[in-house]
Amino acid sequence: MPPSANFGRQARPNIRTPRRRRPGVTLELLHLEYLEQHPDGYRYTQFCEVYRRWLRRRGLSMRQVHRAGAKLFVDYAGKKPTIVDATTGEVLAVELFVAALGASNYTYAEATRTQQVPDWVASHQRAFQFFGGVTEAIVPDQLKSGVVVPCRYEPGLQRTYDEFAQHYGTVILPARPAKPRDKAKIEVAVQVAERWILARLRHETFFSLAALNARIAELLANLNARPMRLYRASRRDLFERLDQPALRPLPAEAFVYSDWKVGARVSIDYHIELHGHYYSVPYALIHEHVDARLTATTVEIFHRGQRVAAHRRRFVRGQHTTDPAHMPKAHQRHLEWTPSRLIDWARTIGAQTAALVEAILADRPHPEQGYRSCLGILRLAKGYGPERLEAASTRAVAVGARSYRHVDSMLKHGLDRLPRPEVSPPLTLTPVHDHVRGRDYYQ
């Protein structure tokens, strides 16, 4: 700003708003720094006057023109309603969500427990149901439930919130950080809701969120029906005339809320852990990082944007949900073995081989302990032939052998070609006799 005539030959003060806004920076300090460079410059009074004149030309506002059905502005109120816990008597502060349409100022408000993502998305869903349609864009503040990477130019949206917008066929345009004029509509709507809803609740007590929201709905109807002096019409009248015909239709199916876990690491057993339960992915992805999308009933797993697995969601901690198709071939074959299948395979070689396999499985405390022994015995047929294996199995059953090593040794040494051994009578204990000395003799 040019100085007055009396100070026309003096240097102008270099005053910038960012420098003035820094903590601890005052006009007096800036004036002293100015005099160090220009000893004959403005005195302090005139310095302040020049600053005020310059400041008045700053902070210009551009009037925004809101098209019907174009934008929905959303935010939480700074003042919070309360409910009382009927059991403990504790007074609990809750949140007030407010949404307003740009063209008509038609307003929606409700109380929620928190500002977390589930409540944030559910409030949007109920707001669109209240309006009976969807706007082209949503304009929120850059709160963490909606924006995970605050940025003036390319803010990073919360993933579930972005999915919600895609499902409803709209887009999210977050206001710039620390720029309330970008969302002046909702700033005014929040102020109106605090005055005409929260202020009227100050003498009322509610013992549940449902009761509080029922009362808010009554006051909201009155608010939207009140004539506005500037427009000489109510918000409802303007909504029916402007926004309602321009809103897009609601989607045919309701949005299914989901949580995301980003960067889950696949362990060596090709499973990832989600809330204490383990879900399988294709074994080729071990040590890779994947993203998981969890709804109330399903789990979807993505690798580099491609879905690689889907499971029914389970809530039993410490257990595994495994799709056999995700397993290596060797693991699949092992999983397919059962006692009945091993016995049926042995029966194709011979009855004595089947009897030996059945005896081995029955001899072990757990059937799976005998799987390897049985598989080893059955695969001896590849090297020695089914006839020799059947003969060796006959000999093993006769002598009470119950292991792979016994049968393998018989075949290596040709014992299967020897005559079938006679079964020896069972041993009996020596009868008591006077010449037999007992253990007491040696004490």
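Colleague: In what order do the strands stand in the open sheet of 4 strands?
Modeller: This is a predicted model, where local features need pLDDT of at least 70, side-chain atom pairs count only at pLDDT 80 or more, and totals for chains, interfaces and linings use all residues. Residues are numbered from 1 along each chain as its sequence is written, and side-chain values use heavy atoms, leaving out hydrogens and water. Strands (E, at least two residues) and helices (H or I, at least four) are DSSP runs numbered from the N terminus, and two strands pair if DSSP finds at least two bridges between them. Here the pairing is antiparallel and the order is S12-S15-S16-S17.

Colleague: Which strands stand at the edges, each with a single partner strand?
Modeller: Look for strands with one side left without a neighbour in the sheet. Having a single partner each, the edge strands are therefore S12 (259-265) and S17 (306-312).

Colleague: Which residue in S16 stands opposite Ala292?
Modeller: S15 (residues 289-294) and S16 (residues 298-303) pair in the antiparallel sense over 4 bridges. Opposite Ala292 you will find Ile301.

Colleague: What angle does helix H5 make with S12?
Modeller: Angles run from 0 to 180 degrees between N-to-C directions, with axes fitted to C-alpha atoms, for helices over the stretch in contact; contact means heavy atoms within 4.5 Å. H5 (residues 159-168) lies across S12 and S15, and its angle to S12 is about 130°.

Colleague: Which residue takes a positive phi in the hairpin of S13 and S14?
Modeller: Strands S13 (residues 271-274) and S14 (residues 277-280) run antiparallel, joined by 4 bridges. The hairpin has 2 residues between the strands, and the positive phi, near 55°, belongs to His275.
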